[in-house]
Amino acid sequence: MIKNISNLGDAALYCDFGTEVNKEINRNVINYFNNLRDSNFLGITNITPSYNKLVISFDLKLTSFAKLKKQVENLELKKNNNPKNNLIKIPVCCAEEFALDIKRLQKLLKINEAKIYETFFSKNYYCYMTGFIAGMPFLGDMDKSLFAKRLETPRVKVPKNSIGITEQFCNIYTFESPGGWNIIGKTPVDIFDNKKNTEPNLINPGDTISFYPISKLEYENKYE
Amino acid sequence: MNKNYFKVLRPGINSTFQDNGRNNFYHIGIPFSGAMDNRNFILANTISNNEINNPVLEFAYQGPKLKYIGENISINVTGDVNFKIIRKNKNLELSCYENIILENNDCLDILSTNRSVYGYLSIGGTFEVDYYLNSCSTNTKAKIGANSGEKLEKGQIIHLKNIKKILPKNKIEYLNSKIENIRIIKGPHFDYFSKDAIDSFLSDEFNVTKLSDRMGIRLKGPKISNIKNTNIKSEGLVKGVIQITADGDPIIMLSDHGTIGGYPKIGVVISADYDKLVQIPPGSKIKFKEINLKDAETIFKLYEMETQNLISNFK
């Protein structure tokens, strides 16, 4: 549940659900997010769920911090309000040219390449949030044996559709972007489709993701 | 069909189509975008007698040079902008905030914004642009919105539609005042910083650097040192949030900002100062002043009344 609601400037609520990162807290955040999306409270312009916070932006011409805070505090939560939370399967090609940091990871983690991939592909991952750049999912949790630090010097350009890992998390770079995560492969699937005018993002907060390996040939065929 | 159009002879530095922006997509990583200086955007559409959310052409520093082909049309420019019309080899010097008639074969040359950043071109009619998720605002990072999510390019054609009859030559008397003191409200990580760091943050000057654009303003000044942690678990951001990077430099998030971030938030710029904040060009110095929420709300009401007065006096 929400531990505290404070103001983030004069046009947003900052709802604090705790300090740890775990699924239980994040499911609470997403449950509030889904309920608020259905609430039609006047003036809400954006709701941003993250690991353990929920930021609600509003139009200061239409409502205020005090008014909206009261509404959020009195919101009656409908349980299991997560109908859209799906299992999504994402193919990953781990060819050398896409797995930019696999050599570094072998050294850092002291595990061979095959074992890294076996461990990575054996788990399902939960989507804590999407954002930073359009559609980018923040997924977890990784197996402890794969916990790795970020690159000391971030890349200026991480190729679009790269799969990155750091600490307990993995993600997918939906656009070419600067970034410091360890890149282990690339998917031929566009996670954010800027041609689609409804639901352009394949992965939503609360979804479960499983990755599976594909060959270079399969990658090229899918890409066409 | 499309007999009225502009041809782009020079695109300018960062010319994009914008409207009021895109709501309710932060959770998938898509920021508001929209015109940076909302008041000047509203005034542009007011003078053109358009719907308040009609697309405008926003430009920064140096604007575009546009050749016009078509029937006579009313246009206006808002902001603090130096521009002219070249008609049959003669230069017509013009002023902002009034309707001007553009004739066939005229060349509209938007030379520069004066000691400010953004200006707006509006027409008595509508730029024919693509919409994406209920807004035409171009976001060049996600490549969405008008012009396939790109800045204007040299040689391209901008089609116009719904051209209105020539509008009366009315003018809004408005002076863009500049500010150096930016008013802020404490952020959720205010206590990550020592008393000395906060004193310095609220009393020293900061330089607006060249690394400033529609996503954010990067500042250089005294280092704001952190006594807790230079990183937090990533969480939602809003327009005007001031994050302190691991290097101790403040960065203010603007309309095209990344939707989540992992640096501590020392403060948030009040809504009433946002339009003026975005207009501060690189090379300027700014200072922060802390106020409380109640005062920020009152100041916003006054700012909004001022905007409404400008609109109603014009009509």
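## From one bridge to two chains

B:Val208 has B:Leu219 as its bridge partner in β15(B). The model is predicted, so local features need pLDDT of at least 70 and side-chain atom pairs count only at pLDDT 80 or more, while totals for chains, interfaces and linings use all residues. Residues are numbered from 1 along each chain as its sequence is written, and chains are lettered from A and ligands numbered from 1 in the order in which they are written.

The bridge belongs to a strand pair. Strand β14 (residues 206-208) of chain B and strand β15 (residues 216-220) of chain B run antiparallel and share two bridges. Pairing here requires at least two bridges between the strands, as found by DSSP. Strands are DSSP runs of E with at least two residues, helices are runs of H or I with at least four, and numbering starts at the N terminus. Strands of a sheet pair through backbone hydrogen bonds, either parallel or antiparallel.

Both strands sit in a closed barrel. Its seven strands follow the order β13-β20-β17-β18-β15-β14-β21 (chain B), and the pairing is mixed. Neighbouring strands of this sheet are turned against each other by 40 degrees on average, direction ignored. The axes are lines fitted to C-alpha atoms (for helices, over the stretch in contact), and angles run from 0 to 180 degrees between N-to-C directions.

Now step back to chain B as a whole. Chain B holds four helices and 21 strands. Its C-alpha atoms fill a box of roughly 65 × 35 × 30 Å along the principal axes. A compact globule of 315 residues would have a radius of gyration near 20 Å, and chain B agrees with 20 Å. The radius is taken over C-alpha atoms, and the globule rule is 2.2 Å times the number of residues to the power 0.38. Of the 315 residues in chain B, 48% are buried. Buried means that 20 or more other C-beta atoms lie within 10 Å of the residue's own; exposed means 12 or fewer, partly exposed in between, with C-beta atoms placed from the backbone. Contacts in chain B also span the sequence: among those between residues at least 6 apart, 76% join residues at least 24 apart. A contact needs the two C-beta atoms, placed from the backbone, to lie within 7 Å.

Which strand of chain B has six of its six residues buried? Strand β5 (residues 73-78) of chain B does, and it is mostly covered. B:Ile73, B:Ile75 and B:Val77 point one way from β5(B), while B:Ser74, B:Asn76 and B:Thr78 point the other way. β5(B) pairs antiparallel with strand β8 (residues 100-102) of chain B over three bridges. There B:Ile75 stands opposite B:Ile100. β5(B) also runs antiparallel to strand β10 (residues 118-123) of chain B, joined by four bridges. In β10(B), B:Ile123 stands opposite B:Ile75.

Chain A comes next. Chain A splits into domain 1 (4-73) and domain 2 (87-223), with bounds from an automatic or database domain assignment. The C-alpha centres of the two domains of chain A lie 29 Å apart. Eight residues of domain 1 of chain A are in contact with six residues of domain 2 of chain A. On the domain 1 side, α1 (23-37) and β3 (44-49) of chain A each give two or more residues. α1(A) gives the most, with four residues. By class, this side has four nonpolar, three polar and one charged residue. Ala, Val, Leu, Ile, Met, Phe, Trp, Tyr, Cys and Pro count as nonpolar, Asp, Glu, Lys and Arg as charged, and the others, Gly among them, as polar.

Six of its six residues are buried, so β4(A) is largely enclosed by the rest of the structure. A:Lys53, A:Val55 and A:Ser57 point one way from β4(A), and A:Leu54, A:Ile56 and A:Phe58 the other way. β2(A) pairs antiparallel with β4(A) over five bridges, and A:Asp16 stands opposite A:Lys53 in β4(A). β3(A) also runs antiparallel to β4(A), with five bridges. A:Ile47 has A:Ile56 of β4(A) as its bridge partner. β3(A) and β4(A) form a hairpin with three residues between them.

How many residues does each chain bring to the contact between chain A and chain B? Chain A brings 38 and chain B brings 33. On the chain A side, β1 (4-7), β2 (12-16), β3, β4 (53-58) and β6 (124-130) each supply at least two residues. β3(A) has the largest share, five residues. The chain A side divides into 19 nonpolar, 16 polar and three charged residues.
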